[in-house]
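Here is a short briefing on a protein chain and the way its parts meet. Look over the sequence and structure first, then read the points below.

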Amino acid sequence: MVTKEKNESRPMTEEADFLKIKSVDHVHFYVGNAKHAMYYWWKAFGFKPIAYSGLETGNREFASYVLESGQARFVISAPYSPSSPIASHHMVHGDGVKMIALEVDDVEKAWKETTARGGKSAWAPREEKDDFGIYRTSAIYTYGETLHVFVDRADYKGVFAPTYKAIQYEAESTGLAAIDHMVGNVQLGKMNHWVNFYHQVMGFRQLLHFDDKDISTEYSALMSKVMQNGNGRVKFPINEPAEGKRKSQIEEYLDYYLTPGVQHIAIITGDIIKTIGELRKRGVEFLRVPDTYYEMLPDRVGKIKEDMKTIHELGILVDRDDEGYLLQIFTRPIQDRPTMFIEVIQRHGAQGFGKGNFKALFESIEAEQQKRGNL
Ligand code: FE2
């Protein structure tokens with residue numbers, strides 16, 4: 001069966017794409033122990049630590065590591081003192097994404113345009129300087145306490161940003177190549193508010209939407225709309241809980257993160273079998289769907305290049321749409337609270353989000369919610 005997602009892509013005027021975002025520059029996590037989190041991304045996910053900031057580099061406020069895998073760049077920071085804003089953020093939310101940084105040509109223009117359209121400023125355009133040049137940023141709030149930071153590194157030649165020093169760590173890549181999409185969870189009834197925010201304040205357009213008929217199981221439901229920037233490189237789906245018999249997975253997230261926030265980051269790979277084989281070997285835990293999913297799979301998706309037996313063994317999900325197929329898999333939450341998780345995705349033409357997998361996937365999420373006493 002070919003699943004068809006509702007494609008609401010509309011032609012976009014030059015004017016609407018005023019931000020001219022080039023790409024996701026980095027994702028900044030606030031955590032309790034940056035050294036431990038760095039080790040997880042390094043040893044389990046195969047990210048290469050490339051920069052460090054902390055007491056030794058003159059940063060008296062927080063310890064921070066920058067890691068890269070392909071074009072995906074993560075920054076992991078933890079506070080030295082309870083008076084740090086990172087400490088209060090961590091106390092409320094636990095580990096999670098604080099900033100999604102977007103690369104632009106002009107941080108002043110990005111800040112002026114977005115705040116003039118109703119975006120709430122987090123900081124006005126500023127310059128940080130060191131021997132390697134000038135690092136320019138500005139920032140606005142998005143859902144919850146999450147920020148979008150605009151970054152211009154055209155005049156900065158250092159390894160990441162001022163106070164960060166290059167570090168040399170060997171890493172064994174698992175093939176994770178770039179961020180495909182990042183999903184935000186917002187409160188019941190707030191999805192359209194944030195869809196409008198991305199459209200009006202950020203110049204994004206709506207690519208797809210999924211309603212509770214697409215994303216419901218016997219017990220719970222959610223709704224989702226996918227927003228995309230002008231060049232199509234930045235995709236932000238927004239989820240809200242929908243009415244169901246039991247607690248939606250989105251409500252469970254909100255109960256533990258306490259505000260809206262980033263639910264998952266999807267990272268693209270060119271060889272999901274190799275990537276997931278490696279990640280499993282290194283101890284990363286993934287959700288599993290029932291074996292019956294794989295009995296029905298050949299009829300549902302037709303012929304694929306990958307070996308079905310291996311796909312089954314690794315617990316990888318497959319979906320097909322008009323343009324091709326995709327393979328995807330989801331980790332369990334990657335911190336103690338049942339909040340954020342990671343998706344690994346490989347695309348063979350398909351540009352969707354795996355609608356045909358929603359039901360099986362959400363049933364397995366609910367089985368985990370049940371174990372946690374949260375369904
Ligand atoms: Fe996803």
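The model is predicted.

**Division of the chain**
- The protein chain splits into domain 1, residues 23–166, and domain 2, residues 176–372.
- Taken over C-alpha atoms, the domain centres lie 25 Å apart.

**Extent of the interface**
- In contact here are 41 residues of domain 1 and 36 residues of domain 2.
- Interface size is often quoted as the accessible area lost when the parts come together.
- Domain 1 and domain 2 bury about 2,900 Å² between them. Carbon and sulfur atoms carry 70% of that area.
- On the domain 1 side, Phe45, His93 and Tyr143 lose the most area to domain 2. Together these three account for 24% of what that side buries.

**The domain 1 side**
- By class, the side of domain 1 that touches domain 2 has 20 nonpolar, 17 polar and four charged residues.
- Helices H1 (34–44) and H2 (85–93) each supply at least two residues of that side.
- Strands S2 (23–30), S5 (72–79), S6 (96–103), S8 (133–141) and S9 (147–152) also supply at least two residues each.

**Overall fold and dimensions**
- The secondary structure of the chain comes to nine helices and 18 strands.
- The C-alpha trace spans about 60 × 45 × 40 Å along its principal axes.
- A compact globule of 375 residues would have a radius of gyration near 21 Å. The protein chain has 20 Å, which agrees.

**Salt bridges**
- Side chains of opposite charge can pair when their charged atoms come close.
- The structure holds 22 salt bridges.
- One of them joins aspartate 105 to lysine 22, with the closest N and O atoms 2.8 Å apart.
- Aspartate 105 lies in the loop between S6 and helix H3 (107–116), and lysine 22 in the loop between strand S1 (6–7) and S2, so the pair ties together parts 83 residues apart in sequence.

Methods: Residues numbered from 1 in each chain as written. Predicted model: local features only at pLDDT ≥ 70, side-chain atom pairs only at ≥ 80, totals over all residues. Heavy atoms only, no water. Domains from an automatic or database assignment. Contact = heavy atoms within 4.5 Å. Buried area = accessible area lost by both parts, 1.4 Å probe. Helix = DSSP H or I, 4+ residues; strand = E, 2+ residues; numbered from the N terminus. Nonpolar A, V, L, I, M, F, W, Y, C, P; charged D, E, K, R; others polar. Rg over C-alpha atoms; globule rule 2.2 N^0.38 Å. Salt bridge = Lys/Arg side-chain N within 4 Å of Asp/Glu carboxyl O.
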